[in-house]
Amino acid sequence: MHWSVIAPLIVFVIIIFGIGFWSNKFVKSSDSFLSEYFLGGREMGGFLLAMTMMATYGGASSFISGPGVAYNTGLGWVLLALAQLPAGYFVLMILGKKFAIVTRKLKSITLIDFLRSRYNSNVVVWLSAISIVIFLFASMVAQWVGGARLIESLTGMSYTTALFIFAVVVLVYVIIGGFRAVALTDALQGSIMVVGTIILLVGVVIAGGGIDNIMGDLVKENAELVSPFGVGHAYSPAYVSSFWILVGVGVIGLPQIAVRAMSYKNSRGMHSAILIGTIGIATIMFGMHLIGIFGRTVIPGIELGDKVMPTLTMGVLPPVVAGIVLAAPMAAIMSTVNALLMMVSSTIVKDIYLHYIKPDASDDHVRKTSFLVTAVVGVVVVLMSLNPPEIIVWLNMFAFGGLEAVFIWPIVLGLYWKKANKFGAIAGMVVGLSMYIVITQYFPNVLGVHSVTFPVISALIAFVLVSFATHRKIKDTPEFI
């Protein structure tokens, strides 16, 4: 074991536990358990909002698999990653004040609370709940695998042992601390992510003899490594131009990101979060993917893409510094996992159990049920992670696309278009979901664009046409529109 590397990570975990136990006192004393446990009392300021959005968005695919893909395919993947820079800007500018104001009026605690109030449809609720559970489970598996592989690389433990250690650490502080613990740890984790990215990028550039030398070595090895379309022309112009839908504007449709726009304190915080979040995401996405391709000249021959980042870190940095830097991917993974856990747990507890099964449950019963469901979801994801895919980024991207195809138009049109109704929402969600599954499974390269493109466009067309055709059947439009 690399004890000098592991020691800073142990300190990091101890701090995380401390935040979880400190946050638990708010969970115990809050007048509204659900609002506190799943939204942190809506008290996030600008820095906290920026960090939690950035940390939730930047997970294992950004810090573990992303650099690995760049290592293998070149600067083309870095170009694709840059489409993620305005993600936080899109979410807060488009949802922004209106989403926060509306959800406060409705006393919505989850995204499905908003959709239920907006469309007054059990079908919309169940489609939303099923989509969240299915796709977020897939995304959580990607994060669990990333955390386990990181611990495996550092300690020499078996993958299974590393997986269980990572799961226990995350589950303890999330279960006891709720959303407040998630947001506060995200602030710490987001800061570590930015600092760690900068340190490792500088270390790799120095180890490679400077940027000019690195670029020269890449061209000597294979000129396609510096092509905007990747080795073997892996990324066509159509794919590159459509990828921004998945990781740019489409991020508005990710429930775990959209719910952040419900939980901040005031508009001043939102405006500062846009600036801080955009700078933070830019630093991480650009830096980590550059590290991947630059690292190819520093340590060639790394076979497993998901081990590129930890291998480079331990290879180019002093042990203690490497431990601090490796807290960055650990932070990214943990912060994404905790957000997804809370999202799935709130969907099951608040949107299904309390609404349809036991609406008269006492606060104590709700508290115990929330803790239990969060724990059970975590255990199920661990079991699903025992046989991991080779590169987890593709699993994460699959989950992103599915959620966006289902949710982007019910959220956006539900906020800004009076004629949007439950029939249009159902049509859009069904068309988006079914087309996305069919395309990803059977026709993944239609016209060379990313597989999320046609489902999102088709869902919009279906939503608008059906809403226009049926809006006269809906007598009452909600007052907040």
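Aspartate 351 has its place in helix H16, which spans residues 319-357. The model we are looking at is a predicted one. Is aspartate 351 buried or exposed? With a relative accessible area of 0%, aspartate 351 is buried, because buried means under 20%.

Who are its neighbours? Leaving aside residues up to four places away in sequence, aspartate 351 touches Thr110, Ile112, Asp113, Arg116, Val125, Ser346 and Tyr356.

## The chain as a whole

Stepping back, the chain's secondary structure consists of 20 helices and zero strands. Of its 481 residues, 61% are buried.

## H7 and H8

Two packed helices are described by the angle between their axes and the distance between the axes. Let us start with helix H7 (residues 96-106) and helix H8 (residues 111-119), whose axes come within 10 Å and cross at roughly 80°. That angle makes H7 roughly perpendicular to H8. On the H7 side the meeting residues are Phe99, Val102, Thr103 and Leu106, and on the H8 side they are Leu111, Phe114 and Ser117. Sorted by class, this contact has five nonpolar, two polar and no charged residues.

H7 also has a set of buried residues, namely Gly96, Phe99, Ala100, Val102 and Thr103. Just after H7 comes lysine 107, with a positive phi of about 60°.

## H9 and H19

Now for a pair with another geometry. Helix H9 (residues 122-155) and helix H19 (residues 422-442) pack at an angle of about 30°, and their axes are 10 Å apart. H9 is therefore roughly parallel to H19. The crossing of H9 past H19 is left-handed.

H9 brings Val123, Val124, Leu127, Ser128, Ser131 and Phe135 to the contact, while H19 brings Lys422, Ala425, Ile426, Met429, Val430, Leu433 and Tyr436. By class, that gives ten nonpolar, two polar and one charged residues.

## The largest nonpolar core

Which residues touch the most other members of the largest nonpolar core? They are Leu95, Trp144, Phe166 and Ile293, out of 145 residues in that core. Among the contributors, H9 gives the most, with 17 residues.

Beyond residues up to four places away in sequence, isoleucine 293 touches Ala70, Tyr71, Gly74, Leu75, Val78, Leu218 and Leu225.

## Two loop residues with positive phi

Most residues other than glycine have a negative phi, and most peptide bonds are trans. Asparagine 120 is found in the loop between H8 and H9, and its phi is near 50°, a positive value in a residue other than glycine. Asparagine 120 counts as exposed, with a relative accessibility of 62%.

Leucine 447 lies in the loop between H19 and helix H20 (453-470). Its phi, near 55°, is again positive in a residue other than glycine. Is leucine 447 buried or exposed? Leucine 447 counts as exposed, because its relative accessibility is 69% and exposed means over 50%.

How values were computed:
Residues numbered from 1 in each chain as written. Predicted model: local features only at pLDDT ≥ 70, side-chain atom pairs only at ≥ 80, totals over all residues. Heavy atoms only, no water. Axes fitted to C-alpha atoms, helices over the stretch in contact; angles between N-to-C directions. Helix = DSSP H or I, 4+ residues; strand = E, 2+ residues; numbered from the N terminus. Parallel < 35°, antiparallel > 145°, perpendicular 65-115°, else oblique. Left-handed = near helix turned anticlockwise from the far one by under 90°. Contact = heavy atoms within 4.5 Å. Nonpolar A, V, L, I, M, F, W, Y, C, P; charged D, E, K, R; others polar. Core = buried A, V, L, I, M, F, W, Y, C linked by side-chain atoms within 4.5 Å. Buried < 20%, exposed > 50% of the residue type's maximum accessible area, 1.4 Å probe, protein only.
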